Amino acid sequence: MAAILTPATTGPHSTRLALPIAKPKLPLQRTHLVRCVHRPEISPFFHGAVGANRADWQSACAILSSKVATASQHHQQTPQHHEAGDDTNHSLVPVVNGQSPAAAALDLVPVQLPQPLTIADLSPAPKHGSHLRVAYQGVPGAYSEAAAAKAYPNCDAIPCDQFEAAFQAVELWVADRAVLPVENSLGGSIHRNYDLLLRHRLHIVGEVQLPVHHCLLALPGVRKEQLTRVISHPQALSQCEHTLTAMGLNVAREAFDDTAGAAEYVALNGLQDTAAIASARAAELYGMQVLADGIQDDSGNVTRFVMLAREPIVPRVDRPFKTSIVFAAHDSEGTSVLFKVLSAFAFRDIGLTKIESRPHRQRPIRLEDETSSGGGGGAAGTAKHFEYTFYVDFQASLAERRAQNALAEVQEFTSFLRVLGSYPMDMTPWSITSSSSSSSSSSPGSQQ
């Protein structure tokens, strides 16, 4: 939308001012835009003059722009309607192309053009772990929050009340990543998240392993003898069962949504007779005291978390990678396909770190007609077999040819195959502290 000075049809050297027309729905502003197009053969302002060069043309445009601005300012200061016989002096307003001052001003239709994008307007993708919004399940002080901080140290952690909410937060661009647990060394797999991995279209872009250190928390001033119940997540209660009994706490144990949520509940309600099993950070956040530290029955209590994103990362071969897949067998082969799949990896010397089976959600039961053996006509029956989807983690990158060939062979045996992600393995060294052993500090895994 530019104003162009073009030759008029009334004379050989006349010019007319073509101004942009504003769209009806755009708000009007008192701004005027005048742009000129250089035509060397005709001077854009003076009648009968010929522009010798581009410098003359630029000067003429500057003069025209300044006079148009003067005309607009004078038009705003003078009344729109004049009484008959009004001889107000308009000599300060220039005459453009022989038109009256009012007409020249009224022809300047105000427009609002969209502002051009700048570098600040273009928000690039944040670097790995830098100013990311990371969703996790639970409340501040949960172990998932600690895992998110370990995976992305400079992130803004976003608590979610459910695992499903964390998945949707990434899909709806509320969060950039999600850090969710998939298995615990004592409690096993978190089946809910495996089902959600198949239901949602997010990609695994990394993993992080976090040692779990449970503490017994209570309100300040409360003694263990005053406790009548202990609340926490069901897995936390089971992981501390023997230690609580050894401490003489024969109290009721009630399940709660998460560990940090249990500590928050005790603090907000001022429960003097209730303790919570949670992290030491939860005690700091909710103003509780630690009655006992490290109450887990097994010191080797580790939870594995995966990092999820909307887009996958590019697999590489310069560091150890892990790939996660999910597949379902053909209807006719059933679970016998699992042996063929494992052979495809074994022949290529690819190690498997995880195999998880879940009932097929669309068709959990497979019916198969069978005839009993023996003699003449036997009685026919119908066998009912469970159909499964299999989750497999193997130690190889999709950038490796052997991994590509293995998946190509697996695809021949399956009716459904999906790569959940190919991502770097968590190689962060950490040590397990145990009250009964002091040799862990000299173990290879604890050396920095």
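Author: A nonpolar core is here a set of buried Ala, Val, Leu, Ile, Met, Phe, Trp, Tyr and Cys residues joined through side-chain atoms within 4.5 Å. The model is predicted, and its largest nonpolar core has 33 residues, with L216, L217, A263 and I277 having the most contacts inside it. Two or more residues of this core come from each of β8, β9 (229-232), α6 (234-239), α8 (259-269), β11 and α9 (280-285). A separate core of 23 residues also exists, and I190, L196, I204 and V306 are among its members.

Strand β8 has two pairing partners to consider. With β11 (residues 274-278) it pairs in the antiparallel sense over 3 bridges, and L216 stands opposite I277 there. With β12 (residues 289-293) the pairing of β8 is likewise antiparallel, over 4 bridges, and A292 is the bridge partner of L216 in that strand.

The contacts of L217 complete the picture. Beyond its neighbours within four places in sequence, L217 is in contact with A263, A275, A276, A278, S279, A282, A283, M288, Q289 and V290. For the protein as a whole, residues 24 or more positions apart account for 73% of the contacts with a separation of 6 or more. Of its 448 residues, 40% count as buried.

Conventions. Residues numbered from 1 in each chain as written. Predicted model: local features only at pLDDT ≥ 70, side-chain atom pairs only at ≥ 80, totals over all residues. Heavy atoms only, no water. Pairing = 2+ DSSP bridges. Buried < 20%, exposed > 50% of the residue type's maximum accessible area, 1.4 Å probe, protein only. Contact = heavy atoms within 4.5 Å.
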